[in-house]
Amino acid sequence: MKKITAILTSILILCSVIVPITMSISAEDTTTGVALPGLYTSSNYTTASNKTTGKFTFDETAETITTTDNQNKAMLNYAKDMTTFTASVVVMGNQVTTSPNYGAAYAGISFHIQESDFVKDSFKFNTSGYSVFVSRSAKSLDKVILYVRYSTNGAEKKSLKAVEVTLSDAEKDVKNLNFRIEVVVDTTNITVSLFNHETGAQYGSTTTYPLDNTATYNTTAYYASGAFGLISNGINNFSELTVTPTSPVTGVPSTGGNSGNSGSDTPDPLAEKYNTYGTLTTDANGYTSTTESAARGILKTTVTAPVTDFSADLTLKAGTDGALKAGMVFRVGDVEAGQNSMEGYALILQKTTSGPKLYLYKYGYNNGTLAYLGRIAYIEDSSIAITEGAEYIIHANVVGDKVAAYFYNKANASKTSKVLSASLKTNTDNENKGSVSTAGTYYSEGGVGFHAASGYVDALNFTVKAPEEISSENKGGIPAQDNSKGSAVKGQVTMVSGVTGTEYTAGSLAEYAADFDNYTYYSSSTSNKFLRIDDGIISDTTGTKRAILDGVTVKGFHAAATMRISSEGTLRSGIIFRVNDIEKSAADDGVVGSNDIEGYAAILYKTPGTTDSHARVVLCIYKYGIVKGKYTYLGTVASKASEVPLKGYEKDITAAAGQELTIDVNVIGDQVTAYYYNAKDPSLKSEELVADLNDETDLETSTPSLKGVHYDSGAIGLTAQNYVTFTNFTVGEPNYPSTDVGDLSELDSYTIYGSGVTKEGEYFVANSSGTKKMIVNNLTVTDFKASVDMTIDNNGNLKAGFFLRVNEIGNGADAQTGYAIIVSRNYSTLGETNPNRIDIVIFKWGYQNGKLAYLGEVAREAYKSGATFMDGKMAGEELTFVVSVKGAAIDATLYKKGEENNKPATFSTNLKFAASKEKGEVAYYESGSVGLYLGNSVSDPLNTTKLRNFRIDDGSGVEIKATGKTGIAGLLSGVSPMTGEGMLIMIISAIFVTSTVVLFGSYYYGKRGKREKTGDRII
């Protein structure tokens, strides 16, 4: 079959070459075996995008087609009933070197498209029909997949991996690979192949699928014919596109059509859509500009049917000199060429010396002549800079006499300007001053179009839509999915941690969850929906919204969601999980009440404010359920407030817009661990919230009739109340806690509290002010001996040592219980008057008045040794600090590295002594975690704490090193402790190990007595 297919393909390609290229075909002729013309001509396609600003760019000269970083699709306007054909296309992925998706590819062809489903205004990426596309992720450039997808009206789709290969070492790091897709479609089958276009090498093998696949996948449909098109998700480049019908096709043009450029030999690309006034030129990229003081275009459809209320988005681009003065006009009556020759209103975005301004102007007759009547209102927003070549979008909504409009940079859609809100019946500034005699002029309907003065207007893609409810919050976009009665667990069902037979690997499930097409969407109102934007989903209205991941139920899991804070500075959003029967509460139109849910939610709750406390975010675990037949909020299971600074915006709540926080939730059994961090600076991390889902909520505690609700498993997804943008969501198997003590020379063996710790060569380095805590993971000790080498900084200062017997711990400098023993030297204070002083200090922390607090010093001893030990500033000198703890006794020794006998400073005290701030009962801690203390007292580039060679033993003389998974630990690798199999193995292993240890210990003790120490020094 493969040979027959190859021979057939060769013959068809040969035929397409030898047929005279100059062959003329009338619109009524039938075409077979001739390559379709005009495949790089924009006027031959209908395009659509998930954003009004997204588009294809067609370059006839270079014979390439490129797409923007959105979801885009294009349908060939002729040959809409093509059945059998061969096609080939070369696809190259994202070539923007500064993009996080540099090298990623996701593009291909679609065919047998159903034109009735290709609707631009209600965009669905997967138009009914078929598609074949190549996928390569920026996160795994070594893997390439060729998909064959069956689609039915966007919502139902089935993707089959025709080819899945790992690239060779020579290819995997090459980000500009050209992939060639070849497709043969006959009356019954789809045959696909994937090649490296440069080398000609084939990836995998040629694969054939039936067109009618409904017997295997009942969610698919069969389409015998339809249109041809292209699909792209993200930035992609198409070239060497050929399509050759192998059955009769009608409607093929005799030429490729015009390119869409203005010029003497090509039609005006605006002519079909607009009545134009003034000199207008449209470039190869589809942008229109003028050389006059002003020119306009009025949509012909709005002239024949005047528009009253509407909404619209218009894309503008600043010129090469950064200049911009352009926008939209509406309710236009009489109009002529000329700067002010118009009746109606205009929304103009203009770059000024003080920043961009959005103006609302009025034009009309004044003393019998069309004239500028003045400014009704304007806004100025210097937080959005106008820069050369950048694209900006004006969003306008007109209802009656009310106007709501704003603008934003296309590259940062979540950061919008202030909202211009005004009445069209307001007198203009000129009318108020009496310079015009038209006070009270008001236009109730008219044409809609664009205004060009400087810069560029994307006029070809400008459309007028139905009006929206007047809202200062609405930022445009398209509904994430039509609100319809759905199922939280429809389709294939997956249990994460708890049930075998999952169809997803951890990686594929993460990819599945990250695709916002794979959700059912619910909201508390038909007008308040999640909207799809180029990098996620946005909630830009008030009201509750849910996005439930299709086909996935969870028990134990690990999930993370990244949220961009809105311009209001508020946040009340996060992850919902173990959700049950959400569809039962949905009305016929998909509306779900704000509390109509059974399950849990992990929420970040942030209120607006203008004081320093605005950075305070509360992490909450909520519970919802049915009580006495009604859905209700059941209260807060647990909460924790933490301050993770919104870096750079600590003082200005308005500027906090656009900051991103990531919430991380891990559930094992009923134990939930959650925290959040600044997505762009993960070192800014909150304290962990640890809770049990069986715990009573605050409401259950106070209201006995609400008690006892618990959920073992259910669906998972996202929830938003009011304003937020979700840019990422991943779901996978839970992270089970490690029991290994890692390599103490590596950062990932510690939990680090406080920012600014890095690894430079052998050294742990703290190069910012404040205390940093490096707590060894998975190590709890009572007695121990430890040593570390520490370097005096270039200012002659030092503040470093060990934490010990630490239990509760958080990010704050005083957020722990336990002790620290440190070496402290402040040469910048002592100077030459007392250069040799160095202190050993023990600090203590614990609870005071119910809160974690610094309890003061337990002991301090100052040493003034000879110059051979401390000579002047000692910048860069390395000292060795050794500490031994046994019961309440603690001893320390300090000496110059490698010179143990060079006048060491020794220190001894008792940990049971009261700290300087303790009153009454004295705290004493018997055991706990251990780690390193790094403290910089001032922010100074020279004041850098550097530590290396951390060694520790448990007091037996045996140094603690990284634990390896050998023996029984190795056998248990990969066995979940949640399963019956894992539990059985653990019980048997425990019995075996215990028996062996008892027998061996008895024998050894009889032979040798108690264990001998191997030494009292750290080796």
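Mentor: Accessible areas here come from the Shrake-Rupley method with a 1.4 Å probe. For the protein chain of this predicted model, the accessible surface comes to about 43500 Å². Carbon and sulfur atoms account for 50% of that surface. The chain has 1019 residues, of which 51% are buried. Its secondary structure consists of nine helices and 60 strands. If contacts between residues at least 6 apart in sequence are taken, 67% of them join residues at least 24 apart.

One of its members, Asp59, lies in strand β3, which covers residues 56-59. Asp59 has a relative accessibility of 32%, so it counts as partly exposed, because that class runs between under 20% for buried and over 50% for exposed.

Arg331 has a positive phi, near 50 degrees, although it is not glycine. This arginine sits in strand β22, residues 325-332, and at 1% relative accessibility Arg331 counts as buried. Asn367 also has a positive phi in a residue other than glycine, near 60 degrees. Its place is the loop between β24 (355-366) and β25 (369-380). With a relative accessible area of 71%, Asn367 is exposed.

Methods. Residues are numbered from 1 along each chain as its sequence is written. This is a predicted model: local features need pLDDT of at least 70, side-chain atom pairs count only at pLDDT 80 or more; totals for chains, interfaces and linings use all residues. Side-chain values use heavy atoms; hydrogens and water are left out. Helices (H or I, at least four residues) and strands (E, at least two) are DSSP runs, numbered from the N terminus. Buried means under 20% relative accessible area, exposed over 50%, partly exposed in between (1.4 Å probe, protein chains only). Contact means heavy atoms within 4.5 Å.
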